[in-house]
Amino acid sequence: NDYLLSMFLNTLTPKFYVALTGTSSLISGLILIFEWWYFRKYGTSFIEQVSVSHLRPLLGGVDSSAPTNTTTSNGEADSSRQSVSECKVWRNPLNLFRGAEYNRYTWVTGREPLTYYDMNLSAQDHQTFFTCDTDHLRPADAIMQKAWRERNPQARISAAHEALELEDCATAFILLAEEESTTIMEAERLFKQALKAGESCYRRSHQLQHHSSQYEAQHRRDTNVLVYIKRRLAMCSRKLGRTREAAKMMRDLMKEFPLLSMFNIHENLLESLLELQNYADVQAVLAKYDGNACVSALLKARAVSDKFSPEAASRRGLSTAEMNAVEAIHRAVEFNPHVPKYLLEMKSLILPPEHILKRGDSEAIAYAFFHLQHWKRVEGALNLLHCTWEGTFRMIPYPLEKGHLFYPYPICTETADRELLPIFHEVSVYPKKELPFFILFTAGLCSFTAMLALLTHQFPELMGVFAKAFLSTLFAPLNFIMEKVESLLPSSLWHQLTRI
């Protein structure tokens, strides 16, 4: 046997080794290309899928059903909207008061909770909602038009006082309530004064809005001012503990101005209703408006969380209600993967910015800052979240930007969040999914065989010696076994077996 093996190895020429390694490199490269293409298109390794779906049942294993792609089409259909809404920054519907809250944080810690980029966006919002082309015709409004453009806070406050010396100007009261007031009670007092002036302007412009385009623009501005004042008054009531009153004010405001959905007043109403533990009304608001996925997950979790046990669920499987809760959590986590770490207090909260990025770290901070108490109030809800949220990332195909339930995750989110959030905060990054083993293995095999082919082409004699030594070492255990078998069996029987 050793003679036959050595004879076989000696008859192999260097060209054979070059052809062998070159062919192996080509085959492994083709496998790698196919695996990578399949992985990019379907989000899983072809070899892994075949082994799990077809080979495991044949070998007696349990056939684990692959995640369905019924919702993927929704994400693909919505991908056309990505270019329009990608990294669009929204006004935080629950933003704090600069004077009474953000500035107090600065006094205590010495840190600035708002970035220049965030405050610049707010300045643009103020100019859009609180000014119009006819402001130069009225002295107080002309002063406020300059005040909203002023970068220095003290200059803005001084301009507001100057405007109030001329007349009761609603926007001047708004600026003082937002930036000069050091308490919520003081801000509420100023907003009530702003309400009187704002209602007077609104009634006057409402009667004249059809006379010309200028009057129409002025009425639009007065409407924005009135809605802003009423909303902030409702938020003052919420912060001062008058939650029922705040919820009523928000409902009335939504009924009075149903077309102004861009203000997202329903987000304020949802938070107040959760504080009142009025979960039936929360569900009704979610059904009527484009509901918050995290709020929906909390409602689904509330139905099962008090009795949920991971050990019991693994033994008996998930019930229908538990499955609905888990799917709702997966949906919320896929929409914004940064929220769970804040709700589970794995990462420290900071004051939310005045603007948020949908699906970004800034939105997660804003949500958790106001809703963490509601999750804690529901027994077992955080435990259910802790047990299930990480499973989301095993369900989402690679790359994660494809998504299962939503349009692709914007690539520029991290950059925009770094502009919105203060420098002392560590911005959360969307989790990355590891490449499957078979793609890494195929890539390594392709690289190894390509290197062998190159070395064999350059040094055929030397690589032939190495190949002979490798094959001899590879067959050494087999030769050892054969020798043991030959020594144990009678020579006549062994002779007959070898002849067969």
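Tutor: Let's start with helix H10 (residues 170–180): ten of its eleven residues are buried, so H10 is largely enclosed by the rest of the structure. Keep in mind that this is a predicted model.

Student: Okay, which residues of H10 are buried?

Tutor: Ala 170, Thr 171, Ala 172, Phe 173, Ile 174, Leu 175, Leu 176, Ala 177, Glu 178 and Glu 179. Buried here means under 20% relative accessible area.

Student: And what do the buried residues of H10 pack against?

Tutor: Other helices: H6 (98–109), H7 (116–130), H8 (139–149), H9 (153–166), H11 (184–208) and H12.

Student: Let's zoom out for a second. How many helices and strands are there in the chain?

Tutor: The chain has 26 helices and two strands. Of its 500 residues, 44% are buried. Take the contacts between residues at least 6 apart in sequence: 69% of them join residues at least 24 apart. As for the accessible surface, the total is about 27800 Å², and carbon and sulfur atoms own 59% of that.

Student: Now helix pairs. How do I read the angle between H12 and H14?

Tutor: Angles under 35 degrees count as roughly parallel, and those over 145 as roughly antiparallel. Helix H12 (residues 213–239) packs on H14 at about 15°, with the axes 11 Å apart. That makes the two roughly parallel. From H12, the contact uses Val 227, Arg 231, Met 235 and Arg 238; from H14, Ile 265, Asn 268, Glu 271, Ser 272 and Glu 275. Sorted by class, this contact has three nonpolar, two polar and four charged residues.

Student: What about H16 and H18: how do their axes cross?

Tutor: Helix H16 (residues 293–302) and helix H18 (residues 320–335) cross at roughly 160°, with axes coming within 8 Å. So H16 runs roughly antiparallel to H18. Ala 293, Cys 294, Ala 297, Lys 300 and Ala 301 of H16 meet Asn 324, Ala 325, Ala 328, Ile 329 and Ala 332 of H18. This contact counts eight nonpolar residues, one polar and one charged.

Student: Last topic: backbone angles. What should I expect for phi?

Tutor: Most residues other than glycine have a negative phi. Gln 277 has a positive value, near 60°. Gln 277 sits in the loop between helix H14 (265–275) and helix H15 (279–288). Arg 359 also has a positive phi, about 75°, without being a glycine. Look for Arg 359 in the loop between strand E2 (355–357) and helix H20 (361–377).

Student: Are those two buried or exposed?

Tutor: Gln 277 is partly exposed, at 44% relative accessible area. Arg 359, at 2% relative accessibility, counts as buried.

Definitions and conventions: Residues numbered from 1 in each chain as written. Predicted model: local features only at pLDDT ≥ 70, side-chain atom pairs only at ≥ 80, totals over all residues. Heavy atoms only, no water. Axes fitted to C-alpha atoms, helices over the stretch in contact; angles between N-to-C directions. Helix = DSSP H or I, 4+ residues; strand = E, 2+ residues; numbered from the N terminus. Parallel < 35°, antiparallel > 145°, perpendicular 65-115°, else oblique. Contact = heavy atoms within 4.5 Å. Nonpolar A, V, L, I, M, F, W, Y, C, P; charged D, E, K, R; others polar. Buried < 20%, exposed > 50% of the residue type's maximum accessible area, 1.4 Å probe, protein only. Areas by Shrake-Rupley, 256 points an atom, 1.4 Å probe, with all protein chains shown as cover.
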